[in-house]
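Please keep the model open while reading.

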Amino acid sequence: MSAVAPTIEPNPLREGLEQERVPDASCLVIFGASGDLTHRKLLPALYSLAHDGLLPAGQTIIGFSRPDYTDEAFRMDVREACNKYARTRPVDDAVWENFAKGLFYVRGDFTEPGAYLRLKQKLEECDRSRGTGGRRIYYLAVPPNFFPVICEFLGGEGMVNDPERGGPFTRAIIEKPFGHDLESARELNRVAVSTFRERQVFRIDHYLGKETVQNLLVLRFANGIFEPFWNRQYIDHVQFTVAESIGVEKRGGYFDSAGITRDIVQNHLLQLVSLFAMEPPVAFEANAVRDEKVKVIRALREFPKGREHELAVRGQYTAGSVLGEKAPGYLQEENVKPNSRTETFSALKLFVDNWRWADVPFYIRAGKRLPKRVTDISIHFRPAPYPLFNKGTSVKTQPNVLAIRIQPDEGISLKFDSKVPGPSVRTAPVSMEFRYATSFGAEPPEAYERLLLETMLGDSTLFARRDEVETAWAWLDPLLNTWASDSRPPDSYAAGTWGPESADALIERDGRKWRRP
Ligand code: BG6
């Protein structure tokens, strides 16, 4: 009897990342088409996708909002936005001509039944004229208080196709804030899944669309050399910084009711922490990746009741100067309450209580009006076990640091000690650098380009799942409640500095220092 080699069937859960994928043409409806996000990010991203030949023929975009535009006026408005904000600006006439043919506008109030009928009609027209085949993507670029009414109308008017029944897809994209706390997040999710199934809901955290954030997974799981030391045996601590030089700009009203911890930490920073700390997923596939991420968030140690201040610091900027320009204090910003206690800076010390990370501190900080805009993760390794060099001198060997620069000047650097040339053995830190710009020579696409394309393709790997969002709130809520009931104001820092002194004390108490990114 001859031996027969077993055939290995491809496992659909382990397909991995395909190189090039082209979505089917659909109608993308943007609710809130006259808003800032649509102008600055969404429409320019869609145009850049068209410019790079990544949109399918027939892709249609329908703006839906209150102002009274014709299709023609909407197109002019979109062209202006693309000329101002698109990565691939200025607008190219030939690309534009084709792109503009797929742009339409429906005027309407989110609470007006007639508007949904007009929208439905337009969608059906587009199916006939542009071959969109009943495929729908609804982008809710609106404040969360409009989610329920929009979902109710879409469901009630039969504009949502249940994937269980087959047929063309319907997907919904929702934007943060996903709630203000656990309870409101649960309510939003309840509303979303009363109209859509969870797999039809794409929750955007634009950090997941950044090339460098995705590269964190490639760095860890496409290379053999990093994973063996990615754990408590070799890593002393990790620092995460999301620094912005801007203040609250025109968003004082929203920001004052949120604060930096809700605005950045609950979402963007926890996404970075979970991608950094997660176990290898069984595949680069939506649920496999998100299962691992959510385990990290579940493993975050609770803040000790009554001793939160030992692990968490909040700050608020006062007047100062940033990048050579005078900046007002937070309390002088438009639409901010004059006695506001909202934090514009927060620094936390976290622990991921699992086998890989037990007792390794993760220091994370986010702030507005810091000296510059930079997002950076630095991994600080344990020192060499025994000092062989620099004996009899005050020079110490430096621990190795692997720094991942998320933005700007995207890249990765490794700091290590080297021998200083000369007859004696003296050491000095040097660094090995990788820079996106020089290695790949091309500007990375904007986060929204990637995320819009992924939604069209129906791949939710780069989107937040319901349990991720709720678990993050469940961890953060007690701290936010403690802060809310504390009558003391946040610690102050002058605009243009790296946060309050208490943030330095948080890490210096442990004999460590913030790295200056
Ligand atoms: C948004 C926050 O989610 O992210 C803003 O609401 C913040 O306050 C922005 O400015 C930062 O994004 P990026 O891509 O500039 O780091």
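**Salt bridges and the nonpolar core**

In this predicted model, Asp-353 and Arg-301 form a salt bridge, with 3.0 Å between the closest N and O atoms. Asp-353 sits in the loop between S11 and S12, and Arg-301 in the loop between H10 and strand S8 (312-318), so the bridge ties together parts that are 52 residues apart in sequence. Asp-353 is partly exposed, at 39% relative accessible area. Arg-301 is partly exposed too, with a value of 33%.

The loop between strand S11 (345-350) and strand S12 (362-367) also holds Arg-356. The side chain of Arg-356 meets that of Glu-279 in a salt bridge, at 2.8 Å from N to O. Glu-279 lies in the loop between H9 and helix H10 (286-298), and this pair links distant parts of the chain, 77 residues apart. How accessible are the two partners, Glu-279 and Arg-356? Glu-279 counts as partly exposed, because its relative accessibility is 31%, whereas Arg-356 is buried, with a relative accessible area of 14%; the cut-off for buried is under 20%.

In general, side chains of opposite charge can pair when their charged atoms come close.

Arg-220 is in contact with Phe-276.

Which residues touch the most other members of the largest nonpolar core? They are Phe-31, Phe-276 and Phe-362, in a core of 145 residues. Helix H9 (residues 260-277) gives the most to this core, contributing 10 residues. The core draws at least three residues from each of domain 1 (23-205) and domain 2 (208-385 + 465-508).

A search of the whole structure finds 39 salt bridges. One of them joins Asp-71 to Lys-122, with the closest N and O atoms 3.5 Å apart. Asp-71 belongs to helix H2 (residues 71-85) and Lys-122 to helix H4 (residues 113-130), so this pair ties together parts that are 51 residues apart in sequence. Lys-122 counts as buried, because its relative accessibility is 15%.

Terms used: Residues numbered from 1 in each chain as written. Predicted model: local features only at pLDDT ≥ 70, side-chain atom pairs only at ≥ 80, totals over all residues. Heavy atoms only, no water. Core = buried A, V, L, I, M, F, W, Y, C linked by side-chain atoms within 4.5 Å. Buried < 20%, exposed > 50% of the residue type's maximum accessible area, 1.4 Å probe, protein only. Helix = DSSP H or I, 4+ residues; strand = E, 2+ residues; numbered from the N terminus. Domains from an automatic or database assignment. Contact = heavy atoms within 4.5 Å. Salt bridge = Lys/Arg side-chain N within 4 Å of Asp/Glu carboxyl O. Lists of a residue's contacts leave out its neighbours within four places in sequence.
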